[in-house]
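Dear colleague,

Please find below the structure that I am handing over to you. My findings follow it.

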Amino acid sequence: MNLKAGLWQQQTMKLTMTQELTQAIALLQYSTQELSAFLESKALENPLLKVESGQVQTMDPRYDRVKPTRIKVEKDKINWIEQIGCGKTMMLDEYLKSQLHLKLNKDEQKVIEHLIESLDENGYLRADLQSAAKALQMPLENMEQMLEELQELEPAGVGARNLQECLSLQIKRLPERNELAEIILDEYFTFFAEKKWKEIAKQLGVGLKEIQEVFDLVQTLNPRPASSFQSEKSAYITPDVIIKWDGSSFSVSVFDEVLPKISFNEGYYKKFAASGDRNVSRFLQEKQQDYQWIMRSIEQRKETLANVTLKIVEKQQDFFIKGPSHLKPMTMKEISDELDIHESTVSRAVREKYAQTPYGTYELRSFFSSTIKTTSDENTSSQQVKTIIGKMIEKENKQKPLSDQELVKLLKEEEGMVVSRRTIAKYRDQLGIPSSSKRKRYD
């Protein structure tokens with residue numbers, strides 16, 4: 001095969017993004033916190049950009065700081081196994097240290113205090129005992145003994161290394177001993193949590209009703225023994241847009257009061273522009289252009305956010321007038337087509353943005369949902385289906401819980417909704433609802 005060297009022409013098309021366009025796209029998708037951080041960093045590299053913090057430190061009468069509203073469904077009680085929270089405080093540390101026995105010597109006290117400081121926000125010990133023993137230059141056996149001392153303190157279950165140990169410590173503290181519960185937690189915990197009770201019943205020679213009683217007892221225990229010591233602060237969310245309904249019309253406004261206030265540093269510009277130095281003039285020109293780009297990008301971000309929100313309100317009027325149960329199916333493509341912008345622009349505009357509505361503060365992205373077909377050829381949103389599934393399961397016979405296939409049938413017969421069994425399973429998982437076998441009770 002012979003290859004000949006030569007020259008030839010080839011015509012190609014190449015789309016190059018300008019710096020201004022790239023910056024405008026980035027700013028559009030920034031959350032309020034990200035945009036604030038961007039402006040602060042820009043001020044460090046551009047002396048013509050003056051930034052004054054606009055963060056609201058106290059409750060602002062112009063808007064309500066409320067937590068995002070979400071549809072909640074009563075979860076199966078076993079799910080508290082996964083409900084491990086956050087928010088460590090010193091109050092737990094102080095309470096535990098106040099219980100330390102006076103009989104402990106200085107070294108022992110030091111070890112237990114080290115273990116206490118290694119507890120997480122739920123009261124669990126996250127430090128590796130072997131590593132801790134090595135760091136404190138003491139035998140592992142002594143370290144284990146000090147852990148036992150810690151685990152005897154209140155609240156019961158504190159100092160556990162996992163959920164199984166936490167529950168076991170609490171069971172053994174009960175006024176009346178329950179040997180079956182102790183055996184199940186110590187030796188069959190995984191089977192128990194996964195509700196493989198028939199296997200446990202077979203191996204221990206007990207009835208399912210007895211295991212059900214142990215299950216009910218375990219639900220009275222605290223999987224997070226340090227939870228009562230948490231001084232959890234409310235996670236306030238500052239809305240990006242405010243939507244109001246006065247009974248006859250809507251108003252939409254972009255709330256940008258929390259953003260840093262930016263302005264042009266006229267004094268700096270005049271001072272150095274007068275120097276006559278060409279390099280300085282070039283530098284000032286670049287930074288002035290950068291300032292103008294940022295101002296235009298911020299204004300474009302505000303305009304796009306307002307337009308997208310207005311279109312959301314227009315298409316979801318029933319939600320804002322009647323409430324969350326009236327959310328309709330809506331896609332980002334519908335909004336982009338009507339505004340004559342790209343779908344990705346809508347996606348960036350609603351990313352991590354929140355709207356204060358008459359029914360609470362919602363993430364803008366939550367107004368977009370997938371569509372479910374109905375037998376009457378109308379559409380409904382996936383959120384509505386989830387709500388109905390939750391209510392059906394809440395009312396079911398717990399001795400004979402509804403299977404996913406039965407839910408498919410009920411949704412079609414009672415609600416006219418056509419949903420596959422796989423979709424039911426997905427929605428159930430998103431709602432934190434276990435399968436029918438794990439919801440079954442034996443009493």
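Predicted model: local features only at pLDDT ≥ 70, side-chain atom pairs only at ≥ 80, totals over all residues.

Residues are numbered from 1 along each chain as its sequence is written, and side-chain values use heavy atoms, with hydrogens and water left out.

The chain contains 20 helices and eight strands (DSSP runs numbered from the N terminus: H or I of at least four residues for helices, E of at least two for strands). Of its 443 residues, 40% are buried, that is, under 20% relative accessible area with a 1.4 Å probe, protein chains only.

In helix H8 (residues 179-187), the buried residues are Leu-180, Ala-181, Glu-182, Ile-184 and Leu-185. They pack against helices H7 (163-171), H9 (189-193), H10 (197-204) and H11 (208-218), where contact means heavy atoms within 4.5 Å.

Helices H17 (residues 382-395) and H19 (residues 421-430) have axes that come within 10 Å and cross at roughly 80°; the axes are lines fitted to C-alpha atoms over the stretch in contact, with angles from 0 to 180 degrees between N-to-C directions. The two helices are therefore roughly perpendicular, a term for angles of 65 to 115 degrees. Ser-382, Val-385, Lys-386, Ile-389 and Ile-393 of H17 meet Ile-424, Tyr-427, Arg-428 and Gln-430 of H19.

Yours sincerely

Terms used: Parallel < 35°, antiparallel > 145°, perpendicular 65-115°, else oblique. Buried < 20%, exposed > 50% of the residue type's maximum accessible area, 1.4 Å probe, protein only.
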